[in-house]
Amino acid sequence: MKNVMKNKFTIYIALFLVICLIPSAGLIFTGAQQESEGKEAAKAPKLFTKDAPNPHFLSDAGKWYEDHFAFRSQAVTGYAQLLGNVFGESAQGNVIMGKDGWLFYKDSLADFQGTQPMTDRQLFDVAHTLAMMQAYAKAHGAEFAFAVAPNKNSLYGEYMPDYYQPADTGESNFLRLKEYLKDEQVNYIDLYETFHKDGHKDERILYHKRDSHWNNEGAAIAADQILEGLGKEHDSYADRPYDIRKDFQGDLEGMLYPAAIKPEEEVYYRPEPQFDYCKKVENNFAPKIHTRASGSGGFLMYRDSFGNALLPFLAEAFESAYFSRALPYRLNELDEQEADALVIERAERFLPDMASQAPEMEAVALDLNLNLNDSVLKAAIKTDVKTKVRGEYIQVSGTLPSGSYKERSRIYVRVNGEKSYEAFPVSVADHTEGFSMLLGKEKLQEKESSFEIFVSESDQAAFFINEAGKPNESGKTNESGKPEDAGKGDANGKTELRREDYPDCDGSGHGYREIYYSDGSVEIEEY
């Protein structure tokens with residue numbers, strides 16, 4: 001009897017070890033070609049980086065194995081199906097299982113429930129920054145439009161689980177922002193209202209059930225509204241015939257069930273949008289896409305993943321178009337691309353991020369002279385001002401002391417007691433308010449510069465310059481008075497010019513950045 005029990009125990013241990021070895025041993029047959037669901041799989045670890053041992057080799061190897069072990073997709077899918085079918089729960093932290101087979105991005109939950117409302121100041125930061133970008137575009141001969149892609153559960157909240165109910169906290173960030181955009185006179189394309197004609201939601205399903213984005217019909221409607229908002233002549237797809245094919249694979253389903261994705265319906269218009277890619281691209285989520293078509297004019301669009309489906313319908317209307325996922329927005333590309341139209345598209349769930357990042361745009365000198373007695377501006381406030389080389393520009397930034405600004409106060413910087421500029425308002429960590437602007441290197445003194453920071457008492461566009469034009473003692477620079485990193489380079493003598501971030505849109509906070517150097521080289525850095 002003891003021998004029988006011992007043999008059974010030995011067999012049990014052997015089976016357990018075999019099962020544990022399958023994921024590793026299976027790499028011999030799968031060739032490590034497994035893909036991580038919903039994101040790019042980790043790359044193979046390198047023992048050396050730049051001729052030096054890689055200190056992160058073991059952690060890199062662990063991440064690589066997590067994404068590539070044999071039968072990973074099947075194991076992930078099986079677990080997700082078991083958890084979903086038995087308990088009605090999602091096995092993926094980023095995916096919410098809704099009613100009737102609908103799936104939602106977890107990142108949109110805070111917007112849906114209203115649990116993380118933006119402050120009034122943050123809403124102003126976003127709206128006023130867009131107004132400044134709009135003014136810059138118009139000064140460069142380009143029309144401007146801003147569009148927010150509504151979260152899926154903002155339109156189809158009835159399919160959210162009952163245990164996720166909106167809190168009674170008032171309107172969403174999305175709806176509150178509209179009032180600020182109106183006050184700032186930003187050309188805003190209201191896609192939420194577009195999908196709610198006359199106060200009633202469009203009966204058509206314009207978003208995919210198992211993806212986080214709109215379908216081609218929803219994208220065509222959104223593109224039509226954007227082009228109308230730009231005053232651009234175009235062919236509308238409203239009455240164009242289309243076919244429905246069941247061949248679309250949802251991103252959320254791919255995250256949840258990578259080995260058992262069930263295609264869902266997609267709309268395909270006849271004829272399809274007519275345009276050509278200037279260079280081969282794998283898909284429309286590529287970071288930079290140039291297109292050509294028989295339309296007229298040039299077009300520049302900064303977008304996120306909602307722009308994937310928008311791209312064909314917008315590209316068709318222009319002779320040349322450039323679609324970029326770069327952050328920060330580089331407005332000097334207006335001239336580089338010879339664009340006469342600029343569109344900023346942002347998903348609703350990313351609106352808070354817009355309050356914390358200023359676009360890359362050279363500040364324009366102001367020529368307004370007002371008297372302090374008008375009570376438009378306070379006297380220069382005491383705050384540290386930081387300067388840093390950003391390619392051909394110097395970035396001037398800092399934070400504002402608590403209580404020194406109001407909800408819609410504008411921020412102005414006087415340089416060397418002479419020219420004055422308006423800075424972008426930015427909301428930094430813990431809702432601290434700050435500012436940022438870019439100046440050409442030639443506009444700052446060679447040795448050191450002085451800065452005075454003024455904050456408006458109202459939302460009037462004004463700046464005070466005294467008759468003498470001399471700075472007082474309230475503005476400060478860094479200790480040397482020179483821009484940080486000025487003239488610094490690596491061992492080869494090259495200096496960093498700029499950085500462009502291309503974040504993933506899966507809420508992971510991951511992505512990559514391109515770092516441009518003075519010798520023409522570009523370095524890719526993942527984060």
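Two strands pair if DSSP finds at least two bridges between them. Helices (H or I, at least four residues) and strands (E, at least two) are themselves DSSP runs, numbered from the N terminus. With that in hand, let's tour this predicted model, where local features need pLDDT of at least 70, side-chain atom pairs count only at pLDDT 80 or more, and totals for chains, interfaces and linings use all residues. Residues are numbered from 1 along each chain as its sequence is written, and side-chain values use heavy atoms, with hydrogens and water left out.

**The whole protein**
- The protein has 14 helices and 24 strands.
- Of its 527 residues, 48% count as buried, meaning under 20% relative accessible area, with exposed over 50% and partly exposed in between (1.4 Å probe, protein chains only).
- If you take contacts between residues at least 6 apart in sequence, 71% of them join residues at least 24 apart; contact here means heavy atoms within 4.5 Å.

**The seven-stranded sheet**
- An open sheet of 7 strands runs in the order E6-E5-E13-E11-E12-E10-E9, with mixed pairing.
- At its edges sit strand E6 (188–189) and strand E9 (276–277), each of which pairs on one side only.
- Helix H6 (residues 120–139) packs on this sheet, touching strand E5 (143–149) and strand E13 (341–347).
- The direction of H6 makes about 145° with that of E5 (axes are lines fitted to C-alpha atoms, for helices over the stretch in contact, and angles run from 0 to 180 degrees between N-to-C directions).
- Strands E10 (residues 288–292) and E12 (residues 320–324) run antiparallel and are joined by 5 bridges.
- Thr291 has Ala321 in E12 as its bridge partner.

- Strand E19 (residues 433–440) is mostly covered, with 8 of its 8 residues buried.
- In a regular strand, side chains alternate between the two faces of the sheet.
- Glu433, Phe435, Met437 and Leu439 point one way from E19, while Gly434, Ser436, Leu438 and Gly440 point the other way.
- Strand E16 (residues 393–399) pairs with E19 in the antiparallel sense over 7 bridges, and Gly398 has Phe435 as its bridge partner in E19.
- Strand E18 (residues 420–427) also runs antiparallel to E19, joined by 4 bridges.
- E18 and E19 form a hairpin with 5 residues between them, and Asp430 in the turn has a positive phi of about 60°.

**A closer look at Asp111**
- Asp111 lies in helix H5 (residues 109–113) and is buried, with a relative accessible area of 13%.
- Not counting residues up to four places away in sequence, Asp111 touches Asn151, Ser172, Asn173, Glu348 and Arg349.
- Asp111 and Arg349 are 238 residues apart along the chain, yet their C-alpha atoms are separated by 6.7 Å.
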